[in-house]
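Trainee: Could we go through this model together, one question at a time?
Mentor: Gladly, let's look at it first.

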Amino acid sequence: MNQCTAVTLLPPPDFVLRLAAADGGGRPEAGHLLCELAAGHDGDHAMALWDDDANRTAVWARWRGERATLAELDWCGVTDPEGEDACGLFDGHPSAHDRDVTDPTLTAVDAVLAQEHPHLTPRDGV
């Protein structure tokens with residue numbers, strides 16, 4: 001299943017703009033948010049911004065339209081069938097687990113690199 005292609009800008013919060021102005025630095029730029037959920041998901045789009053390993057949480061940007069909010073959310077606790085890798089999305093996410101979500105852009109880049117540099121492509125059994 002493909003990854004959602006929603007993108008939005010997250011402008012710097014007002015307090016960051018005030019700190020930058022007081023410091024005499026340049027104006028901070030807005031950052032791009034790329035949804036990490038599966039295409040066709042319900043509810044808000046979401047992207048992890050940073051994680052807090054000590055508390056097993058992460059700060060996620062969630063948005064619908066042009067308004068984004070930040071929230072600290074627990075990680076999804078579901079592991080793969082071998083019980084090794086946990087889902088990299090937030091607990092209660094509305095779409096497939098991340099192991100079932102494919103980024104179509106990365107897939108296209110991988111295909112081009114495999115074609116141009118076959119000696120760098122992993123082979124089965126090697």
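Mentor: Arginine 64 counts as exposed because its relative accessibility is 53%; exposed means over 50% relative accessible area, buried under 20%, and partly exposed in between (1.4 Å probe, protein chains only). Keep in mind that this is a predicted model, where local features need pLDDT of at least 70, side-chain atom pairs count only at pLDDT 80 or more, and totals for chains, interfaces and linings use all residues. Residues are numbered from 1 along each chain as its sequence is written, and side-chain values use heavy atoms, with hydrogens and water left out.

Trainee: Which residue forms a salt bridge with arginine 64?

Mentor: A salt bridge here is a side-chain nitrogen of Lys or Arg within 4 Å of a carboxyl oxygen of Asp or Glu. For arginine 64, the closest N and O atoms of the pair are 3.0 Å apart, and the partner is aspartate 44.

Trainee: Where does aspartate 44 lie?

Mentor: The pair links distant parts of the chain, 20 residues apart. Arginine 64 is in strand E4, while aspartate 44 is in the loop between strand E2 (31–34) and strand E3 (45–52); strands are DSSP runs (E, at least two residues) and helices likewise (H or I, at least four), numbered from the N terminus.

Trainee: Is tryptophan 63 buried or exposed?

Mentor: Tryptophan 63 is found in strand E4. Its relative accessibility is 2%, so tryptophan 63 counts as buried.
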